[in-house]
Amino acid sequence: MRSKNKKPHLNPPLKGEETKERMVLSKNIISSYTESILDTFSVEKIRRDFPILASRVYGKPLVYLDNAASTQKPASVIEAIRHYYTTEHSNVHRGVHYLSELATQKYEAARVKVQKFLNAGSEREIIFVRGATEAINLVAATYGKKNLKPGDEVLITGLEHHSNIVPWQMICEEKGAHLRVVPIDDNGDIILDEFNRLLSGKTKIAAISHISNALGTVNPVKQMIEMAHRKGVPVLVDGAQAVPHLRADVRDLDADFYVFSSHKVFGPTGIGILYGKTQLLESMPPYQGGGDMIKSVTFEKTIFNDIPYKFEAGTPHIEGAIGLGAAIDYLNLFDWNRVQEYEQALLQFAEGEISAIDGLKIIGTAKEKAGVISFVLEGIHPHDIGTILDREGIAIRTGHHCAQPVMQRFGIPATARASFAFYNTREEVQALVRSIQKVKEVFEHV
Ligand code: C6P
């Protein structure tokens, strides 16, 4: 994360009006420290772990800058899934035979890997779900069902992805509760005083993103959780964009719920995690009914299973969990201080280069940012930028990024978004900059 306080050796953060000028300046004086981080990180070695990164699209080398949408997979994850289906597959928790026990053991071992990855107190606090979206829906539907009544409030922020808005809207409507939204400022930072003010006796839960997918803002979630807890309000943290960039520690954060998707953290699609504190999970009703979530069933009454199984009805995404476990094993090979330093240096380099392009404006200049540069080009629709870049082999995302209220806040319909992972390089940033220049040239002649 880029932080003025935490990383004084990096160039200072860029804010508001002074952004453009400062970014241009930063392009010229990218510190030798930043240069040396970019030079010494073993990025080429890391890239060899990701087979897809060697591909060509339209005859050009792939430049994959859509990591906030989904990250690519290392060979070890692909191999873990192949190995599972080749030698280990059966259903879990159901059979006494060898393969069922083996699959169960692998599935449960993946849960323990996630527990350690998040530093959760117990593996019972780790629920396998389809992704961040399902995790938030689960909490909204079950915690909301139990705790919300007419007049109560749910507090979210103006930076949220639709997945952390719509489920709360739905349960508020059902229960006659109200959704309150903490505003963000012109840089894309949450206004903390407003967060504190809006936490009231009526607030039953606060749901906040750790990192914004549309702007890259890193929110001070630990501080926000402290503020909420002082008023007795539990907090759900949407960590979908955080886990690829930092090591989240749910106990250090004291998060009540923490959610993320495997596919954004170099694991397979269709699987994700809901972490919840034991006491809260035990107090919540089940989300779905079916096999595995019960202890006993008669036509008169069902006794539900203990957590985490109470929330895992039906045959789970077994190879997904195993693949996620392999992704965590892979991430554990790295020194995360080095990874973060590299990502910050790359982001800073990219911001300097990109912001120097005439007519380009970066949307989102928060105090701390990670992984994302959202931008608009004067007179050119982001979709046209995305299409022309695609022909150059460059994958970015364009549109509202499932965060329409963020776009409304900045008075724009869409942005072009380049999002980075630790396997991206300075040369890829330069390719992006050259291609944006080409976009401008194309439109100059239209
Ligand atoms: N953002 C993006 O391109 P799922 O779809 O369940 O894996 O993740 C949903 C989600 C929740 N919260 C945040 C902060 C997110 O960024 C996302 C997914 C992708 O920005 C796809 S819309």
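His-161 places a polar side-chain atom 3.4 Å from a nitrogen atom of the ligand. The model is a predicted one. The ligand lies between two domains, because domain 1 (33–64 + 335–444) and domain 2 (75–331) both contribute residues to the shell around it.

**Ligand site**

- The ligand is surrounded by 16 residues. The closest of these are Thr-133, Asp-238, Gln-241, Ser-261 and Arg-397.
- By residue class, the shell around the ligand contains 5 nonpolar, 7 polar and 4 charged residues.

**Seven-stranded sheet**

- An open sheet is formed by 7 strands, in the order β4-β10-β9-β8-β7-β5-β6, and its pairing is mixed.
- The edges are taken by β4 (126–129) and β6 (178–182). Each has a single partner strand, so one side of each has no neighbour in the sheet.
- From one strand to the next, the twist in this sheet averages 20°.
- Within the sheet, β9 (residues 257–261) and β10 (residues 272–276) are paired in the antiparallel sense, with 5 bridges.
- Ser-261, one of the residues closest to the ligand, stands opposite Gly-272 of β10.

**Four-stranded sheet**

- A further open sheet has 4 strands in the order β13-β14-β17-β16, and the pairing is antiparallel.
- At its edges are β13 (360–363) and β16 (397–399), each of which pairs on one side only.
- The twist in this sheet averages 30° from one strand to the next.
- Strands β13 and β14 (residues 372–377) run antiparallel and are joined by 4 bridges.
- Lys-361 has Val-376 in β14 as its bridge partner.
- Arg-397 is listed among the residues closest to the ligand, and the edge strand β16 spans 397–399.

**Backbone features**

- The peptide bond that leads from Ile-307 to Pro-308 is cis, and its omega is near 5°.
- Pro-308 is placed in the loop that lies between β12 (302–304) and α12 (318–331).
- Phe-266 is not a glycine, yet its phi is positive, at about 75°.
- The loop between β9 and β10 holds Phe-266. These two strands are the antiparallel pair with 5 bridges.

Conventions:
Residues are numbered from 1 along each chain as its sequence is written. This is a predicted model: local features need pLDDT of at least 70, side-chain atom pairs count only at pLDDT 80 or more; totals for chains, interfaces and linings use all residues. Side-chain values use heavy atoms; hydrogens and water are left out. A residue is near a molecule or strand if one of its heavy atoms lies within 4 Å of it. A polar contact is a pair of N or O atoms within 3.5 Å; within protein, one must be able to donate a hydrogen and the other to accept it, and residues adjacent in sequence count only if both atoms are side-chain atoms. Ala, Val, Leu, Ile, Met, Phe, Trp, Tyr, Cys and Pro count as nonpolar, Asp, Glu, Lys and Arg as charged, and the others, Gly among them, as polar. Domain bounds come from an automatic or database domain assignment. Two strands pair if DSSP finds at least two bridges between them. Axes are lines fitted to C-alpha atoms, for helices over the stretch in contact, and angles run from 0 to 180 degrees between N-to-C directions.
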